[in-house]
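Trainee: I am new to this structure and would like a close look at a single part of it. Could you take me through the charged pairs slowly, and then show me what surrounds them?

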Amino acid sequence: MQRSRTDLWLLRAGQGLIALILLFILLPALVVAIASFNASSVLAFPPQGYSLRWFKNAFEYRDFQIGLWNGLIVTAWASSLATLVGTTLAIVIHRYEFKGKRLLEGLLLSPLFIPHFMVGLGLLMLVSQLSLSRGYAVVVFCHLLLVLPFVLRSVYVSIHNLDPRTELVAASLGATPLRVVTTITFPQLLPGLAGGWLFAAILSFNEFTASLFVTTQSTQTLPVAMYNYVREYADPTLAAVSVVYIVTTAMIMIVANRYLGLGKVLSVESR
Amino acid sequence: MQQKPRFVYWFLLPSTLTAFGLICAMLAILQYSVRSYIPGSLEVGEFTLANFHALLRPLYASAFLETVVLSLYTAIFTLLIGYPLAYAMIRAQRAWCRSLILIVAITPLFLGEVVRTYSWIIVLGSNGFLNSVLMGLGIIERPLRLMFTQLGVVIALVHVTLPIMVLMLAAGLSHIDRAYERAAISLGAGPVRAFMTVTLPLSMPGIIAGTMTSFAWTFSAFATPQLIGGGRVNTISTMVYQLGFSSLNLPFAASLSVAGLVLTMVVLWLAKRLTNSLERIGGH
């Protein structure tokens with residue numbers, strides 16, 4: 001029974017390794033949670049006392065309030081536009097051949113490999129050359145470019161899983177191509193679109209590097225406000241913001257996993 | 001393919017406009033990169049190649065080197081940590097195990113660079129969690145210097161790129177038919193040998209995709225090298241930011257990022273050639 005003992009040993013070692021890696025991933029979140037309840041304004045472990053003052057501070061800080069509001073506006077626009085652009089493109093790419101198809105697709109996927117700071121810098125320069133004002137529009141467009149590849153990927157997966165026969169049936173019953181798309185293709189894509197939209201919204205809400213270049217004092221999003229805070233102050237207020245962030249995000253993820261099936265949205269389900 | 005109905009053109013309009021905007025932004029950078037800098041002004045001067053010439057100075061050359069080294073370390077360590085995790089996620093017997101690993105591994109992707117970097121500052125600082133625990137246990141006497149070092153930046157960057165690596169690896173692993181592995185085991189291979197000779201080579205596409213994406217992500221990371229490196233770890237992204245916002249030298253910031261993009265392309269192209277030849281050696 002030599003083999004099965006080795007197998008068991010391997011399994012235990014593997015489980016231990018996985019537990020360690022999961023701990024590595026969770027460690028910063030746990031430490032930040034401890035720090036956020038620290039009563040003293042200096043970071044120290046273990047904390048000398050506990051209080052909720054940093055949470056109060058975080059919710060009352062003006063820049064965070066403005067940042068949250070700006071972030072929600074930008075996220076709503078950017079993720080909705082990305083879903084619109086991504087869905088229309090994915091449907092056309094999937095069903096028709098046209099000139100420049102690969103080029104268009106490649107261009108829109110390229111922000112995956114172009115550094116974010118470059119997208120931000122480029123838009124900043126474009127806006128200043130055209131003498132436009134740096135308002136919400138440029139921030140929204142910037143986020144649209146950055147989240148679009150993820151939406152495209154998610155819509156492709158849904159289109160791929162679609163049964164093409166339903167479209168053929170509708171067409172053979174006399175529906176025009178546009179009608180097929182709006183009444184057959186689109187409704188079946190909806191769950192995938194919801195997943196893609198959510199994915200885009202979370203990424204846009206958290207986007208930082210490019211936002212730093214294209215936002216101004218009045219359009220700064222929450223991550224930019226947080227970055228500016230950490231450069232000026234060293235108290236645990238940001239730990240409190242981080243805890244709110246982590247808890248909200250984890251809850252969204254758990255709900256999304258329950259109702260949308262994250263594995264399917266991200267296409268990592270085992271066969 | 002079928003005759004194109006009219007709505008196709010309407011459907012192409014949003015994506016074409018978006019792509020057009022992206023092209024314009026990239027052209028704007030290219031144009032700025034060959035303009036001269038007028039100190040104290042946001043206006044740019046005449047056409048010149050001086051910006052690219054200035055990139056040869058040791059300060060910028062070392063930033064390029066630092067960026068490549070950081071990206072390499074990060075890609076390697078992320079792969080080493082990400083592979084077992086992705087493997088466990090795909091192969092776990094119980095559904096709750098798979099969900100747990102998926103959620104824990106993926107959630108950091110949605111936390112943004114600032115929150116994660118800040119968390120690592122609290123962990124790695126000289127009064128931080130790690131040093132307090134190690135000193136409390138009597139393992140070390142003086143705090144380890146992790147902040148403002150390359151090691152600290154790499155630790156945080158591995159944490160930042162891990163989720164995307166796990167996603168790419170898991171997507172690759174989930175497409176491997178387990179029958180191959182069972183065949184190897186039924187022919188007498190041990191679990192280690194079956195893994196090394198069957199599963200690992202078959203998961204090569206996922207490994208390549210994950211490593212390249214991780215490389216590109218690290219290349220564009222800004223908050224982590226800026227805050228944890230604290231000015232002592234200079235990467236292309238931190239240099240571009242300093243030039244653009246502290247010195248307001250936008251033309252030079254533009255040429256630095258153009259050079260950075262070219263470098264990314266070259267590295268990714270080299271990686272692709274290398275992996276192609278590896279596949280040819282490993283293939284049949």
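Is Arg165(A) buried or exposed?

Mentor: Arg165(A) is exposed, with a relative accessible area of 57%; here buried means under 20% relative accessible area, exposed over 50%, and partly exposed in between (1.4 Å probe, protein chains only). Before we go on, a word on the ground rules: this is a predicted model, where local features need pLDDT of at least 70 and side-chain atom pairs count only at pLDDT 80 or more, while totals for chains, interfaces and linings use all residues. Residues are numbered from 1 along each chain as its sequence is written, chains are lettered from A and ligands numbered from 1 in the order in which they are written, and side-chain values use heavy atoms, with hydrogens and water left out.

Back to your residue. Arg165(A) has a partner, Asp163(A), and their side chains meet in a salt bridge at 3.1 Å, N to O. A salt bridge is a side-chain nitrogen of Lys or Arg within 4 Å of a carboxyl oxygen of Asp or Glu. Asp163(A) is partly exposed, at 29% relative accessibility. Side chains of opposite charge can pair when their charged atoms come close.

Over all chains, the structure holds six salt bridges. One of them joins Glu105(A) and Arg102(A), at 2.4 Å from N to O. These two are three residues apart in helix H4 (residues 101-109) of chain A, so about one helical turn separates them; helices (H or I, at least four residues) are DSSP runs, numbered from the N terminus. Glu105(A) is buried at 13% relative accessibility, whereas Arg102(A) is exposed at 56%.

Another salt bridge links Glu97(A) to Lys101(A), with the closest N and O atoms 3.3 Å apart. Here Glu97(A) is partly exposed, at 46%, and Lys101(A) is buried, at 7%.

Now for the nonpolar surroundings. A nonpolar core is a set of buried Ala, Val, Leu, Ile, Met, Phe, Trp, Tyr and Cys residues joined through side-chain atoms within 4.5 Å. The largest has 100 residues, and Leu121(A), Leu123(A), Met226(A) and Leu256(B) touch the most other members. Apart from it lies another core of 61 residues, including Leu89(A) and Ile164(B).

Finally, confidence. Chain A averages a pLDDT of 86, and 95% of the residues score at least 70; pLDDT is the predictor's confidence in each residue, from 0 to 100. In chain A, confidence is lowest in helix H12 (residues 262-265), at a mean of 60, and highest in helix H9 (residues 209-214), at 93. Where pLDDT is low, the predicted coordinates should not be read in detail.
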